[in-house]
Amino acid sequence: MHIRFEKKANTKCDSDILSLSWMGRVPDKTEAEGWNLDGRNYYKQGWLASGNSQGVVGVTFTSIPPNNGPNSERVPLRTNYNLRNHHAKVVLVKWNEPYQKLASCDSSGVINVWAKFDCRWNVELINDRNTRVTYFSWSHDGRLALICYQDGFVLVGSVTGHRYWSSMLHPEGTVTCGAWSPDDQQVYFGTSRGQMKVLDIHGAPVSQVNLSDDSGISSMAWSCEKFCMNENKIKSDHLFKHVLALCCKNGTIQLMRRFDDPAPVLIRTGLCPVHMEWSNAKELLCVAGSRPGRLSTNVVQIYSANGQLVYSINMPQSSAVVTAVTWAHNDRRIFVATGPEIHVACVSASVVPLYVLCALRMCDDSLFPSDDILPVSIQEILTAISSSTIHCEVPKLSELRQFVSSSPKNRLYCTVVQHVNGPETTPPVCYVLYMEYLGGLVPLLKGKRISMLRPEFVIFDPQVDDTTYANAQITYNNFGWDDSEPESCSSPKLHRKNRHRSRPACCNRKLQLNCYTDVLPEDYRLAEVTANVWGTEFHIRGLCDDLTQKLGRVSYRTSILHLQPRQMTLSIVGDGQSIEDDSPTTKQLQRRRSCSVGSSNPKIAVSRVVEDTKVSETFAHSLPSSPVAAKKKSGLSSPIRKRLMNSPLFFRKVHRTQIEPDFQNLETFQKSQIKNKIEMCTKKQQFVMQNKAPIWNDLTQVYQLDFGGRVTQESAKNFQVEYDGIQVMQFGRIDRNNFALDFQHPFSAVQAFAVALASVTQRLK
C-alpha cells in the first residue's frame with residue numbers, strides 16, 4: 001500500500017471547513033437506466049460537499065485520471081456551487097447517493113435538504129427544531145434519515161420529509177453520534193458518558209451497553225458500504241462479517257463484531273481529536289487526527305478490520321487540526337480537511353513499482369527532464385501525478401493580471417462585496433470581486449469610487465511585483481463565529497461591521513485569500529470607469545499595456561419617473577476572429593446584424609461592430625503615417641463643427657489621427673506599410689448588446705427574471721445580458737451589500753466588474 005499527497009492542488013478557501021462528504025457522479029446519459037451502474041466508471045467523477053464556518057455549503061467537482069487512455073467523460077459546465085441558505089456554521093453535510101440529494105445541518109439546528117434540478121441546487125426540505133444537531137445520517141438504501149439532537153431527542157424520517165417515529169432518550173450525558181446497522185434494522189446511539197443504546201427500526205429499545213472507557217463516544221461506524229447502489233449486492237452482503245468501530249474522545253478506537261462483544265479490539269492511535277471512516281471496500285479504516293501537544297503535526301493512519309496498522313503518513317504541515325475526513329473515488333482518494341484547506345491523498349492498494357516511485361520522487365523534487373529522454377509510460381505517469389483531483393479554476397497569484405484581463409474559457413460564478421472604509425461621515429465605497437470556490441470566496445479585483453459627485457470608479461491591479469510576491473506571506477484567518485457569540489448573528493455582514501478600521505501600510509501588507517476582508521493592493525491602476533453628470537453613460541478604459549484603451553461603454557435609457565425597468569446598452573470589445581473585408585469602408589465596418597433572443601421574449605437588437613485596435617505608442621511613434629492623411633488634416637476644423645460631430649445626436653464618430661511627418665526614405669515607407677498590415681490583422685470584435693427585458697407578473701405586481709436561484713432579493717439593479725440567444729452575464733442582489741455576478745465570453749473579469757460597478761451606482765436617469 002502506498003499513499004501520497006497532492007502538492008500542486010490549490011484547495012484553500014477563506015473559512016474553516018467543518019465537514020466533508022463525497023458521492024459519485026451519475027452520467028447524464030444513464031439517468032433513465034436506473035442505478036445499476038458500473039462501479040469502476042461511476043466513481044471516476046464525483047462531487048465533494050463541504051460545510052464551513054461562514055454558513056455556506058460548497059459543492060465541487062472532482063475527477064481522477066483513467067488508467068488507460070484519455071478520459072471519455074465530459075466535465076460538467078459548472079464545477080463549483082456555493083449554496084447559501086444557512087445563518088450559522090454548517091457542521092454536517094451528508095450525501096444521499098440513491099436519491100442524489102444533499103443534507104446540511106448548521107449549529108442552530110436548521111437542516112436543509114438540497115436537490116438538483118436543471119443544473120441548479122434548490123432547497124427541497126427544511127427542518128428547524130431550534131436545537132443543535134449532533135448527528136445526521138442516511139440509511140444505506142437512502143430512504144430513511146436519522147437525526148440526533150443535543151437534548152437527547154432522536155428522530156427517524158423518510159427522504160420525503162415524513163416522520164416515522166421519534167423518541168426522547170434520557171442518557172447520562174449528551175447524544176453525540178449515531179449509526180445505522182448494515183441491514184438498516186437497528187439504530188445505534190453514543191453518548192458523552194461512554195454509553196451505547198440500541199433501538200430497532202420502530203424505535204423500541206433493544207439494549208444498552210456501558211463501555212469500559214467512560215471518556216465519551218465521539219463517532220461510530222459500521223464496516224459496510226455507505227449506500228447500496230446495486231440491489232443484487234444486498235443478499236450477499238449479509239454473509240460478510242461487519243465490524244463496528246467506536247471512536248472515543250481520548251483517541252482510542254474499539255472494534256466490535258456486535259454491540260455486546262465481550263472482547264473488543266482496542267486501538268490506541270495516540271491522536272486527539274480523531275476522525276475516522278470505513279472504506280467502501282469494508283476492509284480499511286482511515287483515521288486522521290493531530291498529535292497531542294503538536295498542532296502542526298497531523299497524521300493519517302490506515303487500519304485493517306482486525307485492528308492492525310497498515311499504513312501511516314504525516315500530512316503536509318498545517319497550523320490547524322484535522323476537522324473532517326472522507327473516502328472518495330472507490331477508495332482511491334482520501335480528502336482530509338485542516339482548517340481552511342483540503343488535503344488530497346492518493347491511495348494505491350497494491351505494491352507500487354520502482355519506476356513509479358522514481359517518478360514520484362522526480363515530481364516531489366521538481367526534476368522534470370525533457371520528454372525526449374523519458375519513456376512514454378513514465379510521461380503518462382508524470383501527467384497523472386501532476387493532475388489535480390479537485391477541479392480548480394482559481395489562478396495563481398503570479399498569473400492573476402492575465403486571468404482578469406482575458407475572457408475566461410468557462411463561465412465564472414462570482415460575488416461582489418461592498419466594503420465601507422474610513423469614517424462613516426464620508427465613507428469611500430470599495431467593491432471587491434470574488435470567485436466562488438469550495439464554499440468560499442477568492443478575491444480577484446478591487447474597485448473604489450474616486451468621485452463623490454459622479455459615479456466614477458478605478459479598478460486596481462491585483463498582481464504585485466515579483467519582489468513583493470516572493471516576500472509575501474499567505475495567511476488564513478478564521479472569520480467564522482466564535483462559540484461565545486450568539487449563533488443568531490451568524491451572517492457575513494457581521495464580519496464587515498467588525499473589520500479593522502485602519503489599513504496597514506503597503507510594505508507590511510500580507511497577501512491573503514480571505515474573502516470578507518479588504519486585502520488586494522492599490523499600488524497600480526488597471527482600468528477606470530468614467531461617467532457623465534447624470535450617470536446615464538459610462539466608459540470603461542484600460543490603463544495598462546495588457547488591456548485595450550477602450551474596453552467598452554454602458555448607456556442607460558433616461559427614465560425620469562422610474563416607471564419602467566432599466567434599459568441598458570453595452571458595447572464591449574472582446575477577443576474574437578477578425579472579419580476580413582474586401583473593401584474596408586466605413587459602412588462595411590459598421591455593418592450590424594440583428595437577431596432574436598427567443599420566441600417568448602421580444603426581439604433585442606444585437607450587433608457586431610468591427611474596429612481596429614490601437615497600436616502601442618512606441619510602435620506608433622516609430623512608424624509615420626501616410627502623407628496623404630497629413631495633408632487632409634492640415635486644415636483644422638472650427639470649434640462649432642467639433643461640437644456637432646461629437647454630439648450624441650449623430651451616430652458617427654470622428655477618428656482623430658496624429659499629424660506625423662512625411663516619409664524621409666524607403667525604410668520609413670516600408671515601416672508604414674508594415675504598420676498598416678498589422679492594424680488590419682490585429683482587429684478586435686466589438687459586441688453590442690442590450691439587457692434582457694423582464695416579464696411583468698400580474699400576481700405579484702413586479703418585473704421578474706429567472707436567475708437560476710443565484711439572486712435572492714428584488715432590486716431594480718438586477719439584470720441579464722444575452723448574446724445570440726445565450727446568456728453571457730447576469731447581476732443581482734444577494735443581500736444588502738452582496739451581489740452575484742456571473743459572466744462568460746466575451747466579457748473579461750475587468751469588463752464584467754466594470755459593468756457591475758456602473759449598475760450598482762445610484763444615479764439620476
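Visitor: A residue counts as buried when its relative accessible area is under 20%, and as exposed when that area is over 50%. Is cysteine 177 buried or exposed?

Guide: This is a predicted model, and in it cysteine 177 is buried, because its relative accessible area is 1%.

Visitor: And cysteine 224, buried or exposed?

Guide: Cysteine 224 is buried as well, with a relative accessible area of 8%.

Visitor: How many disulfides are there?

Guide: The count is 0 disulfides. A disulfide requires two cysteine sulfur atoms within 2.5 Å of each other. For cysteine 177, the closest cysteine sulfur belongs to cysteine 148 and lies 7.7 Å away, so the two are too far apart for a bond.

Visitor: Which residues of S19 lie on which side?

Guide: Leu244, Leu246 and Cys248 lie on one side, while Ala245 and Cys247 lie on the other.

Visitor: What pairs with S19?

Guide: Strand S18, residues 217–222, is joined to S19 by 5 bridges, and the two run antiparallel. Strand S20, residues 252–256, is joined to S19 by 4 bridges, again in an antiparallel arrangement.

Visitor: Which residues are bridge partners there?

Guide: Alanine 221 has alanine 245 of S19 as its bridge partner. Leucine 244 has methionine 256, in S20, as its bridge partner.

Visitor: What is in the turn between S19 and S20?

Guide: The two strands form a hairpin with 3 residues between them. Glycine 251 is in the turn and has a positive phi of about 100°.

Visitor: How big is the largest nonpolar core?

Guide: The largest nonpolar core has 67 residues, and Met729, Phe747 and Val755 are those with the most contacts inside it. Helix H13, residues 749–760, gives the most to this core, with 10 residues.

Visitor: What does valine 755 touch?

Guide: Apart from its neighbours within four places in sequence, valine 755 is in contact with Ile540, Val554, Met568, Leu570, Ile572, Phe719, Met729 and Phe747.

Visitor: Which residues belong to the second core?

Guide: The second core is separate and has 29 residues, including Cys148, Val154, Phe189 and Leu246.

Visitor: Now the whole chain, please. How many helices and strands does it have?

Guide: The protein chain has 13 helices and 43 strands. Of its 765 residues, 50% are buried. The chain exposes about 39,100 Å², and carbon and sulfur atoms supply 51% of that area.

Visitor: How many aromatic pairs are there?

Guide: A search of the whole structure finds 15 aromatic pairs. Tyrosine 149 and phenylalanine 153 form a tilted pair, with 5.9 Å centre to centre and 45° between the planes. Tyrosine 149 is buried at 1% relative accessibility, and phenylalanine 153 is buried with a relative accessible area of 12%.

Visitor: Which rings are linked into a cluster?

Guide: Ring pairs link Trp47, Phe61, Tyr81, Trp95 and Trp121 into a cluster.

Visitor: Where are the cis peptide bonds?

Guide: One joins cysteine 272 and proline 273, with omega about 0°. Proline 273 lies in the loop between strand S21 and strand S22. Another joins histidine 745 and proline 746, with omega about 15°. Proline 746 lies in the loop between strand S43 and H13.

Visitor: A last topic: what is the phi of aspartate 331 and of leucine 438?

Guide: Aspartate 331 has a positive phi near 65°, although it is a residue other than glycine. Aspartate 331 is in the loop between strand S26 and strand S27. Leucine 438 is not a glycine either, and its phi is positive, about 55°. Leucine 438 is in the loop between strand S30 and strand S31.

Visitor: Are those two buried or exposed?

Guide: Aspartate 331 counts as buried at 16% relative accessibility, and leucine 438 counts as buried at 1%.

Methods: Residues numbered from 1 in each chain as written. Predicted model: local features only at pLDDT ≥ 70, side-chain atom pairs only at ≥ 80, totals over all residues. Heavy atoms only, no water. Buried < 20%, exposed > 50% of the residue type's maximum accessible area, 1.4 Å probe, protein only. Pairing = 2+ DSSP bridges. Core = buried A, V, L, I, M, F, W, Y, C linked by side-chain atoms within 4.5 Å. Contact = heavy atoms within 4.5 Å. Areas by Shrake-Rupley, 256 points an atom, 1.4 Å probe, with all protein chains shown as cover. Phe/Tyr/Trp six-rings, centres within 6.5 Å; stacked < 30°, edge-to-face > 60°.
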